[in-house]
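User: Please take a close look at one part of this model, its aromatic side chains and their surroundings. Which rings pair up, and what lies around them?

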Amino acid sequence: MRDYPQMLATTDHVEPVPRRVRATLAGRTVLDTTHAQYVWEWPNYPQYYIPLADIDQGVLVDEGTPQRLKRGTAHRHGLVVGDVSRPHAARVYREDAPPGLTDTVRFDWAALDAWYEEDEQVFVHPRNPYVRVDALRSRRSLRVELDGVVLAESDAPVLVFETGLPTRFYVDHVDVQWAHLQRTDTETACPYKGVTTDYWSVVIGDEVHRDLAWSYAFPTRQLLPIAGLVAFYDEHVDTYLDGELRPRPVTHFTRS
């Protein structure tokens, strides 16, 4: 039974972006706009559609391969900045696009080196305006186990409540049984929390459960309460809150 709120936006929902949006490639500003549109291509988060007039025309290269897609004819373009080339990086929509999306461009996020909302860098994808993320210190007791082995135990965890995801529990380093954790070189990013600085696999006997724990040493300012704390994927461990075992959630982080 799910115990957290789901996303409310539906596919194809469109809203104006009230924030200034910029993106760079090889040190050059490719786009700079205060008139972007949010477009939900799937319910979890939107993408930016950028007015063509707010894009540096000197970096767009028409590849001459129009495609008929759901939102009209997409004219494929690459990006070129000096010696840096990003083929198939942008789709330009013209007059047959849905209302509000005529003469807009949808970029592949990873084709740009960095994206910004106002002057703060944004990672992975645009922040969903309908998502709330709170990090709250709690006095509820927490114990994390796997195969009967205690991995962490705390009476002062930080609980992170994020729309569309199960509650995450972050604990201090002193509350972790480090004998069972093994550092890996994995790095992930989140538009709300920033870029991870550490990942650990859990080792029990001869079995290695890869990348079950992570930490943000330098999270975004909104999530500063989790700085340097450690969390585990509840999908793959047993989490006891106030002595009660919580069901393992099923999300896109659940492995087969």
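Analyst: F253 counts as partly exposed, at 29% relative accessibility; the classes are buried under 20% relative accessible area, exposed over 50% and partly exposed in between, with a 1.4 Å probe and protein chains only. This is a predicted model, in which local features need pLDDT of at least 70 and side-chain atom pairs count only at pLDDT 80 or more, while totals for chains, interfaces and linings use all residues. Residues are numbered from 1 along each chain as its sequence is written, and side-chain values use heavy atoms, with hydrogens and water left out.

F253 is among the residues touched by R168, as are V158, L159, V160, W214, F232, Y233, D234 and E235, not counting residues up to four places away in sequence; contact here means heavy atoms within 4.5 Å. R168 lies in strand β16, residues 168-171 (strands are DSSP runs of E, at least two residues, numbered from the N terminus). R168 is buried at 7% relative accessibility. Its side chain makes a polar contact of 2.9 Å with that of E235, the term being a pair of N or O atoms within 3.5 Å, where within protein one must be able to donate a hydrogen and the other to accept it, and residues adjacent in sequence count only if both atoms are side-chain atoms.

Now the ring pairs. Rings of Phe, Tyr and Trp (its six-membered ring) pair if their centres lie within 6.5 Å; planes under 30 degrees apart count as stacked, over 60 as edge-to-face and the rest as tilted. The count by this rule is 14 aromatic pairs. Y48 and W109 are stacked, because their ring centres are 6.0 Å apart and their planes at 25 degrees. Y48 belongs to strand β5 (45-51) and W109 to the loop between β9 (104-107) and β10 (114-117), so this pair ties together parts 61 residues apart in sequence. Both are buried: Y48 has a relative accessible area of 3%, and W109 one of 14%.

Y233 and F253 form a tilted pair, 5.2 Å centre to centre with 40 degrees between the planes. Since Y233 is in the loop between β22 (230-232) and β23 (238-241) and F253 in the segment after β24 (244-246), the pair ties together parts 20 residues apart in sequence. Y233 is buried, at 10% relative accessibility.

Y48 and W109 also belong to one aromatic cluster with Y38, W40, F107, W115 and Y130.

Definitions and conventions. Helix = DSSP H or I, 4+ residues; strand = E, 2+ residues; numbered from the N terminus.
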